[in-house]
Amino acid sequence: MGSTGAERAAKCVFLAAICSVCQSLQGGMLFPTESPSREVKDASGLWRFRADFSLDRNRGFEQEWYKSPLAETGPVIDMPVPSSYNDITQDAKIRDFIGWVWYEKDVWVPARWIQDRGTRIVLRVGSAHYYSVLWVNGVKVTEHVGGHLPFEADISGVLRQSNANPCRITIAVNNTLTLETLPPGTIQYMNDRTRYPAGYFVQNINFDFFNYAGIHRSVLLYTTPKVHIDDITVETTFSDNIGLVSYNVSVLGSSKPAVKVTLSAHDGRCVASANDTRGVLKVTDVNLWWPYLMHENPAYLYSMEVQATAEDGQTDVYTLPVGIRTVKVTSTQFLINNKPFYFHGVNKHEDADIRGKGFDWPLVVKDFNLIKWMGANSFRTSHYPYAEEILQMADRHGIVIIDECPGVGIKDIRSFGNASLAHHLTVMEELVRRDKNHPSVVMWSVANEPAAEMPPAGFYFKELVSHTKSLDSTRAVTYITDSNYARDLGAPYVDVICVNSYFSWYHDPGHTEIISIQLNTQFDNWYGKYKKPIIQSEYGADAVPGLHSDPPMMFTEDYQKTVLQNYHNVFDQKRKEFVIGELIWNFADFMTAQSITRVVGNKKGVFTRQRQPKAGAFLLRERYWRIANETGVLPTWARYPCQ
Ligand code: GCB
């Protein structure tokens with residue numbers, strides 16, 4: 001079936017833009033912080049908003065909505081940032097909208113920022129889903145492909161040229177997914193006019209969470225001096241009581257900057273310093289970064305202050321928290337600081353009522369409180385990179401992270417082509433660039449449940465995993481599999497085998513008695529073939545809160561509990577051998593697309609979407625604290641609260 005002019009136009013706008021930004025990354029992406037030389041201004045709050053409902057979704061570009069205030073080209077509504085736009089209004093057409101939406105806000109830029117020509121002014125978006133174009137005062141300043149990761153533009157020139165204060169920021173965001181995006185998706189036009197109106201289309205996806213869209217994380221304006229610290233990379237190790245911090249600082253805006261690096265302990269004492277852009281800092285009597293419940297004093301962070309001074313005396317200062325720890329993988333163990341680490345944790349989603357995937361501090365802090373209450377020591381950022389503030393919390397609380405890229409739902413063979421691979425490599429570069437300095441991150445997950453049995457998967461994962469290792473050799477690399485051990489073409493390349501399985505749910509529904517035999521077979525097959533440690537990276541069952549039955553039946557809290565208990569019996573045997581972790585699916589209930597298998601979302605959470613515990617949460621809490629007592633060194637305040 002040939003496509004209409006409108007379809008072609010829409011596709012062109014989207015794809016041409018993708019190709020123009022599929023290049024290797026340049027520069028760093030340090031989290032904006034204030035310092036003696038830097039200021040940050042948060043542009044979060046209420047923005048003006050309009051969805052482009054035109055047939056080809058292209059009216060905004062044709063009529064150049066970015067050129068004048070949005071309210072002059074049509075109606076606008078209030079839209080909070082950060083937030084997904086989908087659940088904010090009462091309009092189902094906005095909830096399910098596919099295409100371009102337009103955001104606009106006027107922001108006052110301090111006059112001194114503009115007047116001082118030695119000041120760089122940067123506009124940074126924490127993430128917007130999926131494809132974004134940014135204008136300042138009607139001038140395009142950047143575009144970015146992909147949700148979940150930050151992007152920014154130096155807007156000093158535009159601001160000084162346009163001389164408009166307040167400045168007008170316009171962001172157009174398009175949530176259309178294609179075979180080459182991550183995650184992939186397809187637009188299907190319904191051309192049967194007896195069944196669908198003209199121009200009717202749907203977006204098909206192969207992942208099990210709602211495709212929330214909009215500006216999901218803060219929009220910040222920040223300054224640096226012209227000479228500025230563009231990036232810092234630290235890698236850490238230790239020998240006996242000496243910690244070693246290799247660092248590499250890249251400075252822009254000066255050909256011969258003088259760089260000073262100082263590492264300080266909690267009490268502000270300087271423990272090491274150096275005067276070069278790269279080097280190794282030696283820390284005697286090192287306090288290592290330990291996971292929560294593995295040490296009496298977990299999550300120790302040093303503070304690394306970097307100063308870069310240009311020939312004219314202008315100085316930039318940036319402070320980075322640094323945790324000193326190592327990660328190693330053997331054929332049966334995952335070692336942190338050379339001690340076996342067992343992942344007893346959760347899989348999460350960035351997901352909540354009303355705000356969807358919008359960043360929300362109360363939710364983040366509540367979730368960390370629940371994680372620690374459960375005695376969990378880790379989580380996987382299923383199925384995409386989470387906000388940087390969440391990783392900072394994990395660093396500070398000692399929660400270990402498997403950091404996943406948005407490679408979820410790769411089921412179509414056309415998504416294994418060169419263009420997809422090139423984009424996937426770029427996304428891994430963006431992810432590693434952003435998260436490489438977090439001690440909490442111990443493993444990269446390059447994908448979730450791809451169709452790893454399809455012939456191109458072998459080449460695809462060889463490239464993807466080896467590229468990720470070349471970007472960062474200090475962490476493990478994995479992808480999450482659900483395919484049969486004998487047909488999985490990516491497994492030879494990963495460090496740890498991560499397997500998802502839903503025995504007695506998607507297979508043999510209602511029959512919890514088969515879990516033991518099937519799970520034992522699963523573990524023995526994978527280990528027998530690959531001799532690599534295994535994490536049960538997902539398992540679980542839906543439970544509608546408040547539903548009970550005895551004997552247990554599917555969808556009750558009792559059934560969820562029984563499934564978990566049956567899995568746990570096997571884990572307890574296999575963790576003496578080569579199973580190095582268990583991550584429940586899921587921490588909390590979350591929203592999905594509407595379907596006949598989902599009753600207002602996925603109910604496999606052990607907490608409800610509003611973060612109230614189901615019976616499964618109490619079961620896990622008992623278990624996790626018991627494991628922690630067996631394997632870790634708990635702080636005195638934390639000894640086994642479940643007794
Ligand atoms: C899976 C997926 C996850 C789903 C889950 C389920 O294997 O990785 O995204 O939500 O199963 O509940 O079906």
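Guide: Helix α10 passes α11 in a right-handed crossing (the near helix is turned clockwise from the far one by less than a right angle). The model is a predicted one, in which local features need pLDDT of at least 70 and side-chain atom pairs count only at pLDDT 80 or more, while totals for chains, interfaces and linings use all residues. Residues are numbered from 1 along each chain as its sequence is written, and side-chain values use heavy atoms, with hydrogens and water left out.

Visitor: At what angle do the axes of α10 and α11 cross?

Guide: The axes of α10 (residues 515–530) and α11 (residues 557–574) cross at roughly 40° and come within 9 Å. Axes are lines fitted to C-alpha atoms, for helices over the stretch in contact, with angles from 0 to 180 degrees between N-to-C directions. Helices are DSSP runs of H or I with at least four residues, and strands are runs of E with at least two, numbered from the N terminus. The angle makes α10 oblique to α11; under 35 degrees counts as roughly parallel, over 145 as roughly antiparallel, 65 to 115 as roughly perpendicular and the rest as oblique.

Visitor: Which residues make the contact?

Guide: From α10 they are Ile515, Ser516, Leu519, Asn520, Phe523 and Asp524, and from α11 Val563, Asn566, Tyr567, Val570, Phe571 and Lys574. Contact means heavy atoms within 4.5 Å.

Visitor: And what about α6 and α12, how do their axes cross?

Guide: The axes of α6 (residues 361–374) and α12 (residues 615–631) cross at roughly 60° and come within 8 Å. That makes α6 oblique to α12. Lys372, Trp373 and Met374 of α6 meet α12 residues Ala617, Phe618, Leu620, Arg621, Tyr624 and Trp625.

Visitor: Changing topic: is Trp65 buried or exposed?

Guide: Trp65 is buried, at a relative accessible area of 4%; buried means under 20%, exposed over 50%, and partly exposed in between, with a 1.4 Å probe and protein chains only. Trp65 lies in the loop between α2 (59–62) and β3 (77–81).

Visitor: What does Trp65 contact, leaving aside its neighbours within four places in sequence?

Guide: With those neighbours set aside, its contacts include Arg50, Asp52, Leu70 and Trp102.

Visitor: Where is Ser83?

Guide: Ser83 is in the loop between β3 and α3 (92–95). Ser83 counts as buried, at 3% relative accessibility. Apart from neighbours within four places in sequence, Ser83 has contacts that include Tyr103, His216 and Arg355.
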